[in-house]
Amino acid sequence: MLYALPLLNGIMYGLILAMLIGPVFFALIRTSIDKGFKSGAYLALGIALSDALAATVVYFGVSRFTDSSVFEVYLGWVGGLLMIAFGAAPFVKGASQKKFLPNRAINRAQGLRYILEGLLLNLLNPFVYIFWLGVVGYVTVSTEYAPEGHFFFFLGAIATVFMTDL
């Protein structure tokens, strides 16, 4: 009962994050339509893992690097170029290679590929870090949660995003 409030607040923040429309949203739709539910689920798992990793990195200290204007410039350029590459990839492959095979079994290597794609797509988006910087700042400074409450807050947020992505 002690951690119910941080968990519920985390769920609320997770719903806010899930409503944001960005490249991850379109990648989930594209993958699910082109390759089926399982492929989209693997992509969603990669996205959830990247959110957990980004929140952890921000929570434990990336904020000291964000004061550097050089870091912000490099993060923006690298993230922007990779987002363009992910967005252009379906067009470069060509329409003839796109086949809808929803009943096709996904092997382990393909599942890992979709997890890695979701992980990289989300981790390389600079707005993910901006979002988590704001959330971590709120949780650690503006609330009275104990550190254990922080865990339940982030668990609620990331689990909510994962479930809505599914």
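Student: Okay, which backbone oxygen does the side chain of T160 reach?
Tutor: That of G156, at 2.6 Å. Keep in mind that this is a predicted model.

Student: Got it. Where is T160 found?
Tutor: T160 sits in helix α7.

Student: And is T160 buried or exposed?
Tutor: Buried: its relative accessible area is 6%, and buried means under 20%.

Student: What does T160 touch, leaving out residues up to four places away in sequence?
Tutor: I11, G14 and L15.

Student: Switching topic: which residues touch the most other members in the largest nonpolar core?
Tutor: That core has 19 residues, and the ones you want are A54, W132, V135, V139, F153 and F154. Two or more residues come from each of α3 (37–59), α6 (126–142) and α7 (147–165).

Student: Which of those gives the most?
Tutor: α6, with seven residues.

Student: What's around W132, again not counting residues up to four places away?
Tutor: W132 touches L17, D51, A54, A55, V58, F154, A157 and I158. There's also a second, separate core of seven residues, with V24, A27, A44 and L121 among them.

Student: Now helices α2 and α5: at what angle do their axes cross?
Tutor: Roughly 160 degrees, and the axes come within 10 Å. Angles over 145 count as roughly antiparallel, so that's what α2 and α5 are to each other. Their crossing is right-handed.

Student: Which residues make the contact?
Tutor: From α2 it's P23, V24, A27, R30, T31 and K35, and from α5 it's Y114, E117, L121 and N122.

Notes:
Residues are numbered from 1 along each chain as its sequence is written. This is a predicted model: local features need pLDDT of at least 70, side-chain atom pairs count only at pLDDT 80 or more; totals for chains, interfaces and linings use all residues. Side-chain values use heavy atoms; hydrogens and water are left out. A nonpolar core is a set of buried Ala, Val, Leu, Ile, Met, Phe, Trp, Tyr and Cys residues joined through side-chain atoms within 4.5 Å. Buried means under 20% relative accessible area, exposed over 50%, partly exposed in between (1.4 Å probe, protein chains only). Helices (H or I, at least four residues) and strands (E, at least two) are DSSP runs, numbered from the N terminus. Contact means heavy atoms within 4.5 Å. A polar contact is a pair of N or O atoms within 3.5 Å; within protein, one must be able to donate a hydrogen and the other to accept it, and residues adjacent in sequence count only if both atoms are side-chain atoms. Axes are lines fitted to C-alpha atoms, for helices over the stretch in contact, and angles run from 0 to 180 degrees between N-to-C directions. Angles under 35 degrees count as roughly parallel, over 145 as roughly antiparallel, 65 to 115 as roughly perpendicular and the rest as oblique. A crossing is left-handed if the near helix is turned anticlockwise from the far one by less than a right angle, and right-handed if clockwise.
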